[in-house]
Amino acid sequence: MVKLTKLEKSIIEAIKTARLGLPDWPAFAKQEALAFDYVQQRVEWMRRMGLIK
């Protein structure tokens, strides 16, 4: 089982609380003080791993 990082838990929470399950990723990245590209890479990795849809 994969142990989730704080960022990955935040991504899952953002998806759960977003309307239609589509978070505003640029705003999320700014809120987390991270580069948008990095957040996008993590989301894609989580999708490939089957952690999110």
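**View 1. Helix α3 and its buried residues.** V39, V43 and M46 are the buried residues of helix α3 in this predicted model. Seen down the axis of α3, its buried residues fall within an arc of 60°, so they line one face of the helix. The face turned away from this buried side carries the exposed residues D37, Q41 and R48. Among the elements covering the buried residues of α3 are α1 and α2, the latter formed by residues 25–31. Helix α3 runs over residues 36–49, which makes 14 residues. From its first C-alpha to its last α3 reaches 20 Å, close to the 20 Å expected at 1.5 Å a residue. Just after α3 comes G50, with a positive phi of about 80°.

**View 2. Helix α1 and what packs against it.** Helix α1 covers residues 6–17. It has 12 residues, and the span from its first C-alpha to its last is 16 Å, close to the 16 Å expected at 1.5 Å a residue. The buried residues of α1 are L7, E8, S10, I11, I12 and A14. These buried residues pack against α2 and α3.

**View 3. L7 in helix α1.** L7 is found in helix α1. Its relative accessible area is 13%, and because the limit for a buried residue is under 20%, L7 counts as buried. Leaving out residues up to four places away in sequence, L7 touches F28, L34, Y38 and R42. E44 lies 37 residues from L7 along the chain, and the C-alpha atoms of L7 and E44 are separated by 13 Å.

**View 4. S10 in helix α1.** S10 also has its place in helix α1. With a relative accessible area of 18%, S10 is buried. Apart from its neighbours within four places in sequence, S10 is in contact with F28 and E32.

**View 5. The aromatic pair of helix α2.** The count of aromatic pairs comes to 1. The pair is formed by W25 and F28, in an edge-to-face arrangement with 5.5 Å from centre to centre and 90° between the planes. W25 and F28 are separated by about one helical turn, because they are 3 residues apart in helix α2. An α-helix has 3.6 residues a turn, so residues three or four places apart point the same way. W25 is buried, with a relative accessible area of 16%. F28 is buried as well, at 6% relative accessibility. Not counting residues up to four places away in sequence, W25 touches I11, I15, F36, V39 and V43.

**View 6. The largest nonpolar core.** This core has 11 residues: L7, I11, I12, A14, W25, F28, A29, V39, V43, M46 and I52. The elements that give two or more residues to the core are α1, α2 and α3. Helix α1 gives the most, with 4 residues. Both members of the aromatic pair, W25 and F28, belong to this core. The buried residues V39, V43 and M46 of α3 are also listed in the core.

**View 7. A charge over a ring.** The residues shown here are R42 and W45. The charged end of R42 sits over the ring of W45, at 4.6 Å from the ring centre. R42 is also one of the residues touched by L7.

How values were computed. Residues numbered from 1 in each chain as written. Predicted model: local features only at pLDDT ≥ 70, side-chain atom pairs only at ≥ 80, totals over all residues. Heavy atoms only, no water. Buried < 20%, exposed > 50% of the residue type's maximum accessible area, 1.4 Å probe, protein only. Contact = heavy atoms within 4.5 Å. Expected span 1.5 Å × (residues − 1). Arc of directions from axis to C-beta. Phe/Tyr/Trp six-rings, centres within 6.5 Å; stacked < 30°, edge-to-face > 60°. Lys NZ or Arg CZ within 6 Å of the ring centre and 35° of its normal. Core = buried A, V, L, I, M, F, W, Y, C linked by side-chain atoms within 4.5 Å.
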